[in-house]
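Please look over the model below before reading on. The paragraphs that follow go from the whole chain to a few residues.

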Amino acid sequence: MKNFDIQLDEEYAQKLAYIQQEADQDTVEAIKSSIELRYQQLQQQKTDPLAKLKQSKFIGCFKGETHLVQHFINL
């Protein structure tokens with residue numbers, strides 16, 4: 001088991017206190033559950049192409065007739 005000594009600014013200390021109260025968890029459990037949630041999100045992005053796309057800055061593209069593109073540009 002590893003020990004960590006961290007300092008949180010007031011904003012994050014309040015957020016942690018809120019999580020602890022709402023989830024009825026002590027500090028260690030609140031931090032562990034937050035780490036687990038983020039870990040699962042990252043793992044899902046790694047294996048889910050749609051999740052990767054949603055997290056990217058890609059806006060979109062399509063293939064179609066030129067006049068259709070001109071219509072959208074002129075809106």
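Accessible areas here come from the Shrake-Rupley method with a 1.4 Å probe, and for residues only the protein chains shown count as cover. On that basis the chain exposes about 7,500 Å², and carbon and sulfur atoms supply 55% of this area. Of the 75 residues, 7% count as buried, where buried means under 20% relative accessible area, exposed over 50%, and partly exposed in between (1.4 Å probe, protein chains only).

This is a predicted model, in which local features need pLDDT of at least 70 and side-chain atom pairs count only at pLDDT 80 or more, while totals for chains, interfaces and linings use all residues. Residues are numbered from 1 along each chain as its sequence is written, and side-chain values use heavy atoms, with hydrogens and water left out. The pLDDT is the predictor's confidence in each residue, from 0 to 100. The chain averages 83, and 80% of the residues score at least 70.

The secondary structure consists of four helices and zero strands, so that the pattern along the sequence reads α-α-α-α; helices (H or I, at least four residues) and strands (E, at least two) are DSSP runs, numbered from the N terminus. Among these elements, H1 has the highest mean pLDDT, 96, and helix H4 (residues 66-73) the lowest, 59. Where pLDDT is low, the predicted coordinates should not be read in detail.

Consider next the region around Ile19. This residue lies in helix H1 (residues 10-23) and counts as partly exposed because its relative accessibility is 33%. Which residues does Ile19 contact, leaving aside its neighbours within four places in sequence? They are Asp24, Gln25, Ala30 and Ser34, contact meaning heavy atoms within 4.5 Å.

The C-alpha atoms of Ile31 and Ile19, 12 residues apart along the chain, are separated by 9.2 Å. Ile31 counts as partly exposed because its relative accessibility is 33%.

Asp24 sits in the loop between H1 and helix H2 (27-47). At 71% relative accessibility, Asp24 counts as exposed. Its phi is near 55 degrees, a positive value in a residue other than glycine. Most residues other than glycine have a negative phi.

A pocket, on a 1 Å grid over the protein atoms alone, is an open set of points where a 1.4 Å probe fits, with protein on both sides within 12 Å along at least five of seven lines; lining residues have an atom within 4 Å of a point. The volume of the largest pocket is about 340 Å³, a volume being the space filled by probe spheres set on the points, which are joined across faces, edges and corners. Its lining divides into six nonpolar, two polar and two charged residues. Here Ala, Val, Leu, Ile, Met, Phe, Trp, Tyr, Cys and Pro count as nonpolar, Asp, Glu, Lys and Arg as charged, and the others, Gly among them, as polar.
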